[in-house]
Amino acid sequence: MQDDRKWFWGSMIRNRDNSLIRCWLFRCLALPLLAALVSSPTAAQCTAYVPTHKSNSVAAIDTMLDRVIAMIPVQVQPLAVAITPNGAFAYVTNSGWIFGSNSVSVINTANNAVVATIGVGSFPVGVAITPNGSFAYVANFNSNSVSVISTATNTVTATVAVGSGPWGLAITPNGALAYVTNLNSNSVSVINTATNAVVGTVPVGTGPVAVAITPNGASAYVTNGSSDNVSVINTTTNAVVATVPIVNGSYSSGPYAVAITPNGAFAYVANAAAGTVSVIGTATHTVIATVPVGTVPHGVAITPDGAFAYVGNEYSSTVSVINIATNTVVDTVNGVAVAPEGVAITPRNNAVRCR
């Protein structure tokens, strides 16, 4: 698949001034023409950033060729990553584990170099950035707090007390609310980003880990790792309106990470215990497909065109690439170092653009 991708894109770039090639979309859009030329799905012009927990680094993956193009050293035991809306910077939480990094590394995506290191609370895990790019919110597991970082100054401007063991974090598309999973409290804290005050607490299942919000801002999907289900929160009422079982026979599934497709139609849930990804139809709140991936999947992200899901497999030290049209694994990225965790994807700076 990589060879086909390399040949095709090389040809397109060399001939981009040809009058027959009028426009190549910049937004990581998968090209329909490629599907007619090769049997494998089309490639997206993006970079996936994957913290590698046991290697103290972040792998940068070229999604066009599905290979690692850079390994970026950060601090101790990074867990999660979020990218600014303009794609310029990646914010990576360094959990530190017993070593106490308690920091966030800021990577300049233009040269994949760390340009700042910011001290936050104890054992930072989840991170999310406001839609206007002004602030990064960081969940501090051991401090029971959320640090608010100004991206203009890369300094902490506020600290918000939440429930016990905050882990995952997501911000509504309008930037008004931040949803924080409290792993030990079995709840989700809702933060008003204008005041940085908690305005609601939503009981969910046992051991909530991650949260993702639909593009229309109407629903938040929460993975409950110990309940083997996903809670769906109505963001208007801050009440759970559905609970989706994640079934793995008589064994635990351990739903861990979640990402929602850009059209809002599907939620992709990485099941750490089962080694699978469950695909939830958001219209029906039911699992419509289950995709085997690597061992202990801990991260999932969708390309901006909605064509592929990238899944970080912690124990396999690989990233699985799922074709969303067929819900099959079409590639596996090796060489991502030890224990890949969260995944975030951004368009490449040198992507071919529309004229």
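**Note on a predicted all-chain model: sheets, cores and turns**

1. Six bridges connect strand 2 (residues 57-62) with strand 3, and the two run antiparallel. Strands here, like helices, are DSSP runs numbered from the N terminus (E, at least two residues, for strands; H or I, at least four, for helices). Two strands count as paired if DSSP finds at least two bridges between them. V58 has I72 of strand 3 as its bridge partner.

2. On the basis of the model: this is a predicted structure, in which local features need pLDDT of at least 70 and side-chain atom pairs count only at pLDDT 80 or more, while totals for chains, interfaces and linings use all residues. Residues are numbered from 1 along each chain as its sequence is written, and side-chain values use heavy atoms, with hydrogens and water left out.

3. The protein has two helices and 28 strands. Of its 355 residues, 60% are buried, where buried means under 20% relative accessible area, exposed over 50%, and partly exposed in between (1.4 Å probe, protein chains only). The accessible surface is about 13600 Å², and carbon and sulfur atoms account for 52% of it; such areas come from the Shrake-Rupley method with a 1.4 Å probe, and for residues only the protein chains shown count as cover. Among contacts between residues at least 6 apart in sequence, 43% join residues at least 24 apart, a contact being heavy atoms within 4.5 Å.

4. Axes are lines fitted to C-alpha atoms, for helices over the stretch in contact, and angles run from 0 to 180 degrees between N-to-C directions.

5. T52 is part of strand 1 (residues 46-52). How accessible is T52? Its relative accessible area is 0%, so T52 is buried. The T52 side chain makes a polar contact with the side chain of S57, at 2.6 Å. A polar contact is a pair of N or O atoms within 3.5 Å; within protein, one must be able to donate a hydrogen and the other to accept it, and residues adjacent in sequence count only if both atoms are side-chain atoms. Neighbours within four places in sequence aside, the contacts of T52 include V58, M71, P78, V336 and P340.

6. A second open sheet of four strands has the order 24-25-26-27, again with antiparallel pairing. Strand 24 (297-302) and strand 27 (328-333) stand at its edges with a single partner strand each, so one side of each is without a neighbour in the sheet. From one strand to the next the twist averages 25 degrees. Strand 25 (residues 308-313) and strand 26 (residues 318-323) are joined by six bridges, and F308 stands opposite N323 of strand 26.

7. The largest nonpolar core has 24 residues, of which W167, Y268, V277, V300, A309 and I322 touch the most other members. A nonpolar core is a set of buried Ala, Val, Leu, Ile, Met, Phe, Trp, Tyr and Cys residues joined through side-chain atoms within 4.5 Å. At least two residues of this core come from each of strand 20 (255-260), strand 21 (266-271), strand 22 (276-281), strand 23 (286-292), strand 24 and strand 25. Strand 20 gives the largest share, three residues. Beyond its neighbours within four places in sequence, I322 is in contact with residues including Y268, V277, V291, A309 and V329. Another core, of 15 residues, lies apart from it, with A307, V321, V336 and I345 among its members.

8. In strand 18 (residues 229-234), five of the six residues are buried. Strand 18 pairs with strand 17 (residues 219-224) in the antiparallel sense over six bridges, and with strand 19 (residues 239-245), also antiparallel, over six bridges. T223 has V230 as its bridge partner, while I233 stands opposite V240. Both pairs are hairpins with four residues between the strands: D228 in the turn between strands 17 and 18 has a positive phi of about 55 degrees, and N238 in the turn between strands 18 and 19 has one of about 55 degrees.
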